[in-house]
Amino acid sequence: MYVANTFILKATSTCNLRCGYCYMFEQADRSAEYQPPVMDSAVLRSAACAIAAYCAKFHQPKALIVFHGGEPTLAGPAWFRQAVQVFGAHMPAACSTSFAMQTNGVLLNDDWVNLCAELEIGVSISLDGPPAVHDRQRTKATGAGSYRDAVAAIQRIQRHAGMQRLFGGVLCVVNPSEDGRAIYRHFRSLGIETMDFLLPVEANWDHPPSGCASPTPFADYLIPIFDEWWSENNPKVRITYFDSLLHLLVGSRVHSDALGGDPLTMVVVDCDGSIEPVDSLRACGNGFTKLGLNTKADPIERAFQHPTFQLALAGQEGLCATCRRCELRDICGGGYLPSRFRQANGFDNTSVYCADLTKLIHHVVDACALHLTSVTSQPCV
Amino acid sequence: MLTQVTIPTLVAETNTAELSNKLQQIRRLRVDRVQPGSRHLQSALETAKRKPGAPTADVSYIFIGLLPS
């Protein structure tokens with residue numbers, strides 16, 4: 001039976017940045033334009049009730065509520081207090097519920113950090129690299145960059161004793177024209193120990209990545225980061241993408257939308273209460289994630305029957321014939337679902353990043369295999 | 001413009017038997033009593049031994065801080 005345990009709540013459908021690669025505002029999907037700017041109290045209550053009812057009905061032991069946007073902090077501190085209170089009042093006692101937020105950090109002053117610490121809301125901050133890299137894409141409406149704000153927010157969290165344990169690290173969108181190793185070193189110089197690198201979700205077979213001389217520009221960006229991280233050999237430094245690869249290589253399963261091909265365990269609730277599948281699918285077309293379901297009227301599980309939601313549930317069973325024959329299918333799992341899209345035949349394709357994923361995974365396998373040679377020559381402990 | 005490289009070309013360049021062998025060896029680490037020097041690999045192995053066949057984290061990795069400890 002399908003299990004959903006991660007619920008992405010679109011606290012806002014507006015943003016104080018204009019990032020060029022954003023799938024909410026800058027790509028094919030225009031549905032954010034028709035959403036209320038902030039999820040109102042009635043929708044928030046209906047979303048909490050629907051999620052709580054789902055978790056109770058299917059005896060979920062754990063649930064994660066992720067506040068997302070747009071930019072979630074634009075909803076304001078009072079909204080967050082209310083949200084945590086409403087979920088606290090409705091979620092079943094047997095379901096351990098935690099909260100997280102993905103933010104650009106622009107508004108994250110000391111009051112916000114204190115509030116997140118008080119409400120136990122984990123915080124991840126989007127940061128693409130040093131100022132010249134970050135500010136190229138992540139700009140305000142005025143055109144000014146947001147690097148200084150994002151780093152100031154990170155430093156506030158790092159200084160806050162109660163917040164440190166809730167800091168989810170930074171999320172960096174890969175730009176293959178940049179030097180991955182330099183970006184990793186920059187993050188480390190900021191004292192960041194948890195990070196992830198996200199392949200641009202807007203690329204698919206109708207809109208492949210362009211402007212790169214290399215046939216594998218994303219692998220060429222990621223491999224130097226892996227090498228540095230691997231040789232640093234510091235278990236406190238976590239890179240989700242690489243950790244996931246290692247987990248998959250040793251035979252574990254991961255619930256990730258990027259790797260592994262397990263059915264996705266996440267549900268999105270938009271600002272108006274719409275129940276939707278993973279929202280990176282917005283990159284595939286205008287209104288692509290709209291199912292015609294709403295937490296005001298429909299139970300969460302009704303979404304799972306919808307053909308669009310089924311795409312996210314198919315996991316490895318939804319892979320194309322080429323992927324199913326591939327030795328690496330259990331590891332890459334076809335990569336991000338939207339990266340397999342082509343208007344002509346839907347998702348019956350390899351990932352547009354297949355060459356990059358293949359090269360990267362071979363590199364990681366070789367790193368582990370070199371290691372095998374050294375461990376097998378030593379006595380077992 | 002991105003240079004087009006077909007995946008079959010890449011795969012053909014790879015010794016698939018060798019890859020398969022390496023993958024099998026890495027998977028066997030779960031049951032071997034070895035302590036690899038890579039602490040990242042150690043960490044993955046410890047999770048695999050602690051939660052065999054189960055997802056490494058109870059919820060999705062959409063929020064990046066939620067890594068198995």
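Figure 1. Of the contacts in chain A between residues at least 6 apart in sequence, 72% join residues at least 24 apart; two residues are in contact if their C-beta atoms, placed from the backbone, lie within 7 Å. Along the principal axes, the C-alpha atoms fill a box of roughly 60 × 50 × 45 Å. Of the 381 residues, 55% count as buried, that is, 20 or more other C-beta atoms lie within 10 Å of the residue's own, with C-beta atoms placed from the backbone. Residues are numbered from 1 along each chain as its sequence is written, and chains are lettered from A and ligands numbered from 1 in the order in which they are written. In this predicted model, local features need pLDDT of at least 70 and side-chain atom pairs count only at pLDDT 80 or more, while totals for chains, interfaces and linings use all residues.

**Figure 2. The open sheet of chain A.** Chain A has 13 helices and nine strands (DSSP runs numbered from the N terminus: helices are H or I, at least four residues; strands are E, at least two). The nine strands form an open, mixed sheet in the order β7-β6-β5-β4-β3-β2-β1-β8-β9; two strands pair if DSSP finds at least two bridges between them. The edge strands, β7 (238-239) and β9 (275-276), each pair on one side only.

Figure 3. From β1(A) the chain passes through helix α1 (residues 41-57) to β2(A) in a right-handed β-α-β crossover; with the strands pointing away from the viewer, the path from the first strand over the helix to the second runs clockwise.

**Figure 4. Bridge partners of β1 in chain A.** Strand β1 (residues 6-10) pairs with β2 (residues 62-68) in the parallel sense over five bridges. A:T6 stands opposite A:L64, and A:F7 has A:I65 as its partner in β2(A). Four bridges join β1(A) to the parallel strand β8 (residues 266-269), where A:F7 is partnered by A:V267.

**Figure 5. The enclosed helix α9 of chain A.** Ten of the ten residues of α9 (residues 240-249) are buried, so the helix is largely enclosed by the rest of the structure. Among them are A:Y241, A:F242, A:D243 and A:H247. After α9(A) comes A:G251, with a positive phi near 100°.

Methods. Buried ≥ 20, exposed ≤ 12 C-beta atoms within 10 Å, placed from the backbone.
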